[in-house]
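Subject: Structure for your files

Hello,

Here is the structure you were waiting for.

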Amino acid sequence: MALITARGLQKRFGDLTAVKGIDVQVEPGEAFGFLGPNGAGKSSTMKMIGCVSPRTAGELSILGLDPATHAAEIKARLGVVPQTDNLDVELSVLENLTVYARFFGISRAEARRRALELLEFVQLTERANDRVEPLSGGMKRRLTIARALINEPEIVLLDEPTTGLDPQARHLVWERLFRLKQRGVTLVLTTHYMDEAEQLCDRLVVMDGGKIVAEGSPRELIERHSTREVVELRFSLNEMDELGSIAEKLDGIAQRIETLPDRLLLYAADGDAAIAEVHARGVVPASVLARRSTLEDVFLHITGRTLVD
Amino acid sequence: MLTMVAQAKRASALFERNVVVYKRLPWNIVSGFFEPVLYLFSIGIGVGALVSGTFTVDGEPMSYALFVAPAMMAQSAMSGAMIESAFNLFGKMRYQKLYDAFLATPVGPNEIAWGELSFALARGGAYSAAFLVVMAVMDLTTSWWAVLALPGALLIGLAFGGLGMAIATFLRSWQDFDYVTGIMYVMFLFSGTFAPIALFPAWAQWLVQVTPLYHGVELLRGLTTGQVGPGLIGHAVYLAALAAIGLTIASRRMGKLLLK
């Protein structure tokens with residue numbers, strides 16, 4: 001049985017429709033991702049799943065229960081890592097876990113046992129008795145993740161788990177999340193980092209403007225919406241204005257050619273072959289880079305390159 | 001019944017959280033006890049010495065300290081409940097986003113409201129009990145009815161706690177609290193606290209009688225001086241009604257604000 005099922009799920013805030021009827025199914029043990037630019041409706045969807053935002057329309061079932069009528073029962077079995085850390089700054093690191101455990105009705109002794117184990121898991125044992133405020137961003141994030149695990153949840157919801165973290169901190173968070181996944185915990189996360197989605201997600205949906213615009217595994221999405229490789233051609237400054245005509249000259253070399261303000265992108269199955277053909281047509285770029293297609297290419301292709309604020 | 005037990009348990013988790021926080025801030029707790037005591041000494045005893053022999057209530061001579069002490073008790077019950085329920089609630093809700101974290105657990109907005117309120121009452125009740133002991137030691141309680149001043153003070157706390165929570169859900173910024181503290185201060189000065197309201201012009205008397213602190217002051221003064229009559233029931237009903245209205249509004253508004 002699917003752990004989360006949504007059908008025609010909608011969320012409206014006054015005139016604004018944040019989520020415009022989406023269908024989602026998350027299976028046990030899966031790492032499922034919501035990808036999308038800001039304002040795509042990812043966080044609104046997560047809040048509805050987390051039972052802290054009533055849905056406007058549609059069906060939603062979590063662990064076989066309806067959040068409108070069984071919020072407390074569902075929340076008892078969820079772990080939530082919100083977008084911005086909301087740790088209790090008036091408590092110590094350890095107390096943040098033990099006090100939180102009490103909200104789930106966990107006994108004091110058991111709360112302490114779990115808290116110490118979780119601090120070990122997120123590598124914060126040495127900071128157990130420190131205040132929360134002086135912790136680094138990465139440490140706060142890890143503590144928030146530990147807090148989300150205090151009730152041994154079946155599903156962990158992570159809203160942009162590594163936004164704002166430095167690379168070292170991000171990798172540590174990913175590694176811990178990967179371990180959770182190996183233990184069979186179902187992960188549901190939102191992100192706008194494509195590398196994060198590729199690292200963590202078995203399956204994902206791309207959201208844009210409140211709708212789901214693509215769905216599949218990272219591999220499938222790349223195969224479906226991009227080519228195997230991408231060639232990036234950069235030109236000298238005085239050729240910048242002529243990129244359009246250069247692109248015309250290269251017509252037919254690749255499946256698709258995208259003209260950006262500062263470079264041309266050639267979507268092709270074989271990057272090296274495409275480069276050879278570029279040279280054969282007498283085009284001499286300032287620099288050439290052939291790389292494998294990433295989820296980022298898919299994402300930008302589907303949701304467009306326009307800046308969303 | 002079972003769900004009510006579960007709800008009470010979850011509300012008590014919030015109570016526990018506050019206990020853990022304040023264990024680390026003992027002076028924060030102790031200082032709340034001194035405020036009414038200092039007023040009692042400076043005004044009740046100090047000013048009381050100046051008006052000794054000339055101060056009368058309804059034509060009867062009365063010790064000024066005896067008159068002021070229950071008012072200080074009522075005022076401290078009011079401000080204690082308001083600080084905890086309005087100011088702290090607002091900060092936790094708007095700035096710390098603390099309740100968002102709690103709401104991810106099985107706790108709901110109503111349980112948060114009850115948890116905070118019960119903590120405010122326990123804290124206020126402890127101050128009131130201590131103050132009542134001070135009054136008894138200073139011979140400022142003239143009747144055994146004074147024992148009921150403690151539940152009376154808790155009722156004041158409940159009324160202002162409910163009111164404070166309801167207000168907190170409407171305020172937009174800390175600046176708005178200036179109005180709240182301003183109104184509290186005016187009530188503190190004129191609710192029959194330092195002078196019987198019979199001395200005021202009729203329109204002012206009427207105005208004072210509409211505001212809640214007056215009813216708290218009259219209730220406690222009646223009990224500590226043993227002037228018990230049916231009027232006290234009226235004051236108690238007023239406070240209970242205020243508590244019920246405040247809590248109803250607060251729980252609806254908190255549900256709306258927290259579960260968007």
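Predicted model: local features only at pLDDT ≥ 70, side-chain atom pairs only at ≥ 80, totals over all residues.

Just after α11(A) comes Gly304(A), with a positive phi of about 85°.

**Strand β13**

β10(A) also pairs with β13(A), in the antiparallel sense and over six bridges. In that pairing, Glu229(A) stands opposite Arg292(A) of β13(A).

**The three-stranded sheet**

Three strands of chain A form an open sheet with antiparallel pairing, in the order β2-β1-β4. The edges are β2 (16-26) and β4 (57-62) of chain A; each has a single partner strand, so one side of each is left without a neighbour in the sheet. On average, neighbouring strands of this sheet are turned by 25° against each other, direction ignored. β1(A), residues 4-13, is joined to β4(A) by five bridges in the antiparallel sense. One of the residues concerned is Gln10(A), whose bridge partner in β4(A) is Ala57(A). As a general point, side chains in a regular strand alternate between the two faces of the sheet.

**Contact between chains A and B**

Chain A puts 22 residues into the contact, and chain B puts in 21. On the side of chain A that touches chain B, the elements giving two or more residues are α2 (67-75) and α3 (93-103) of chain A. Of the elements there, α3(A) gives the most, with five residues. By class, this side of chain A has 13 nonpolar, four polar and five charged residues.

**Chain A as a whole**

Chain A has 11 helices and 13 strands. The C-alpha trace of chain A spans about 75 × 45 × 35 Å along its principal axes. Of the 309 residues in chain A, 43% are buried. Among contacts in chain A between residues at least 6 apart in sequence, 69% join residues at least 24 apart.

Regards

Conventions
Residues numbered from 1 in each chain as written. Chains lettered and ligands numbered in written order. Helix = DSSP H or I, 4+ residues; strand = E, 2+ residues; numbered from the N terminus. Pairing = 2+ DSSP bridges. Axes fitted to C-alpha atoms, helices over the stretch in contact; angles between N-to-C directions. Contact = placed C-beta atoms within 7 Å. Nonpolar A, V, L, I, M, F, W, Y, C, P; charged D, E, K, R; others polar. Buried ≥ 20, exposed ≤ 12 C-beta atoms within 10 Å, placed from the backbone.
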